[in-house]
Every structure is written in C-alpha cells, then in structure tokens.
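User: Please take a close look at a single part of this model and describe what surrounds it. Plain wording is enough.

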Amino acid sequence: MAGYEYVSPEQLAGFDKYKYSAVDTNPLSLYVMHPFWNTIVKVFPTWLAPNLITFSGFLLVVFNFLLMAYFDPDFYASAPGHKHVPDWVWIVVGILNFVAYTLDGVDGKQARRTNSSTPLGELFDHGLDSWSCVYFVVTVYSIFGRGSTGVSVFVLYLLLWVVLFSFILSHWEKYNTGILFLPWGYDISQVTISFVYIVTAVVGVEAWYEPFLFNFLYRDLFTAMIIGCALCVTLPMSLLNFFRSYKNNTLKLNSVYEAMVPLFSPCLLFILSTAWILWSPSDILELHPRVFYFMVGTAFANSTCQLIVCQMSSTRCPTLNWLLVPLFLVVLVVNLGVASYVESILLYTLTTAFTLAHIHYGVRVVKQLSSHFQIYPFSLRKPNSDCLGMEEKNIGL
C-alpha cells in the first residue's frame, strides 16, 4: 500500500496535454488583491519554489485551527460566563489568516516569475485549498461559538457543507467546461474574516452579543452571509457558466449522468454524515463537534482531490470514493445502537483512518507527478539530467 500509485497511466498522459485555463471576474481580486500580490511577490527570492509558498500558507491555516482548538476546544469560549480566548490570539489568527491568503495568491505569480509552472503546482495548490475549507470554517466558528449568543453545532455543520459545496462547484464547472471560474466568495470572505478577527481582539467577543439590526444578531448576519453568498452568487454563477458552455456547445460531456458523477461522492458523504448525527444515540456532534467537522472535511477533501486529478487529466471521475464504505458501516453500526464511549471510539478511529488515507493519497500523487515531470516538488533545483535521461522541468503553479 505504501507504494500504491493513484494516478493511472491514462491520467499521466492527460497531464502532459494539460493547459491552465481560468477566469477571474471578482472586482476585489482584479483591482485590489492582484496589484497587491504583484508587489508582494517581488519580495520573495527567485530561488524559492512556488509549492513551498503554497505549503507554508496551508500550514498557517492548520496552525490557526490548532491554536483555536487549544483555547476554545468545545466552542464555548465566546459564550457569556465562559473564559474567553485571549485578545492576542485573535490578533495572531487574523494576521496569519491574511498572510496565508496572501501566500495562496502569490504562489502562482512566483511560478510564472521563475518560469517554473507545471500541472503539479496547480494540483498541489487546489488540493490543499480543498482541505483548508474545514480548517478555515471551524476556526471562524470560535468568533461566535455555541451557547445562547452563538450558533448551534448543527447549524455550523450545515454552514460547513454550504462552504464545501461552494468550493467543489468551481471544480465541477471545470470538469464539465474545461475552464476554472474563480468564485467571488473566496476573496471577499478571506479579507472580511481577517478583519473581523482583529476587530474581535479590539472590541471583545461581547460586542457580538448585541443586535446588529433590530433583533437581528451578528450570529444571524454570519449565517445569512454564508448562505446568501452561496445561493445568490456562487450557485447562480456556476449554473450560468455551465449553461453558457452548453449553449456554445463546448461542454466536455454530453451525458447528464456523466456530468453529475463528480457530485455523487460529496452528496453521499453529506447523507451518511447527517444520518450519523440524526441517529446518534449519544448525540455525537454535541460531544465531539470539532472532530466530527474534521472527519467530514477530510473525506470531502479526498473526493475533491480525485476530481481535480480527473478534470486536469481529462479522465472520468470515480463514481464512488472508497472512504465512504467504512463510513457507511459505522453509520450502520451506530443505527443499531451502541454505547456512548463506543461511538466516540468509532469517530476517532474513522477520523484517524481518513486523515492517514488522505495524507497517503496526497504524498503518493505528488511523488508520482514529480517523477513523471522529473521535478523536485519543493525546490527549483534541477535533477541530474544524465541520470534522468530527459528534459528537466521545474515545479509551480
């Protein structure tokens, strides 16, 4: 299993023909962030590999998640009467969130600046982005938390899924149209949340207890913004882009079934995880919300990465992610009734298995593509051409 190759020879051949195609129409991105990133990228030395920039940004997001997990393990820290997260933590999280967002914006520019663009860079970037969704959303949750002035763990679970489906829609579009339409919500949310973290440090979490307008609380504004952005911006734009491609006869797939295949595994993951929550004899989401979110987000990231590999290589997306099989069995066992401690053990075991499986998948795919393109994933240093016997290439987006 350690040497298992996830990328098939057909997919490797597809990567050889791949050309990056993306459309970004977000005014914030075009007129504010890109000029900012064009300035920032000049600070980086030309020997710095773009993938190292990408990975560094991802690690900052993970660090924020772990930092907040330490100070707010059960999401009650922002509730009245509980020990609040220290102000300096909000400042650190806010700064690091914006730095991570900036690194995510400059990695591609560094690749073009150093003439080191390959398909692996894009796959690496978007693959880590798919896993970052759960870290980002769960960290944001600590601003309001649960309790009388916060958001319930089940509502946050649903909001997490809104974000996850919004993310995968972009790659579903590209799977069908061949063009990645960058979503507006990403840039807006990153800038806004980074600002809100800093504001929280200044005014304190108590400021979010007060009504925003009439009886409309800030927690309601938080919920409305996520749902509204998804339903009023992301989904309509995705459907419009798909329809335009259909009208122009540029869809890559003619079958409705084949066009929808990439969404089967995420939808089944949603159904199974929701069934577990509803049938749980010990109310597992209330007991271990952070772990449950992480389990769902990791399984989702694995399905998304498989989709990204397929859309970049112009191959068929798998109908079912095998990670859903053990999840189905766990849900089946839970439905039959188990003790609270047994259900907790099942959750932690499944989460560990999903994490190890996803890391193994990512490492093996990177190694396969690195070997195929004869590149070093985290360095611009070229391999020995005498040993490789082929033209040398570098890594990047």
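**The largest cavity and its neighbours**

Helices α10 (264-279) and α12 each supply at least two residues of the lining of the largest cavity. The model is a predicted one, in which local features need pLDDT of at least 70 and side-chain atom pairs count only at pLDDT 80 or more, while totals for chains, interfaces and linings use all residues. Residues are numbered from 1 along each chain as its sequence is written, and side-chain values use heavy atoms, with hydrogens and water left out.

A helix here is a DSSP run of H or I with at least four residues, numbered from the N terminus. A cavity is a set of points on a 1 Å grid over the protein atoms alone where a 1.4 Å probe fits but cannot get out, and its lining residues have an atom within 4 Å of a point.

The largest cavity holds about 60 Å³ of space, where a volume is the space filled by probe spheres set on grid points joined across faces, edges and corners. Its lining includes V261, P262, F264, S265 and P266. Among the other lining residues are S303, Q306, C317 and N321. The largest share, three residues, comes from α10. By class, seven lining residues are nonpolar, five are polar and none is charged. Nonpolar covers Ala, Val, Leu, Ile, Met, Phe, Trp, Tyr, Cys and Pro; charged covers Asp, Glu, Lys and Arg; the others, Gly among them, are polar.

The structure has three cavities of 30 Å³ or more.

Rings of Phe, Tyr and Trp (its six-membered ring) pair if their centres lie within 6.5 Å; planes under 30 degrees apart are stacked, over 60 edge-to-face, and the rest tilted. The structure has 38 aromatic pairs. In one of them, W131 and F294 have ring centres 6.2 Å apart and planes at 35 degrees, so the pair is tilted. W131 lies in α5 and F294 in α12, so this pair ties together parts 163 residues apart in sequence. W131 is buried, with a relative accessible area of 9%, and F294 is buried at 15%. Buried means under 20%, exposed over 50%, and partly exposed in between, with a 1.4 Å probe and protein chains only.

W161 is in helix α6 (residues 153-177) and F300 is in α12, 139 residues apart. W161 counts as buried at 2% relative accessibility, and F300 is buried at 0%.

Notes: On a 1 Å grid over the protein atoms alone, a cavity is a set of points where a 1.4 Å probe fits but cannot get out, and a pocket is an open set with protein on both sides within 12 Å along at least five of seven lines; lining residues have an atom within 4 Å of a point.
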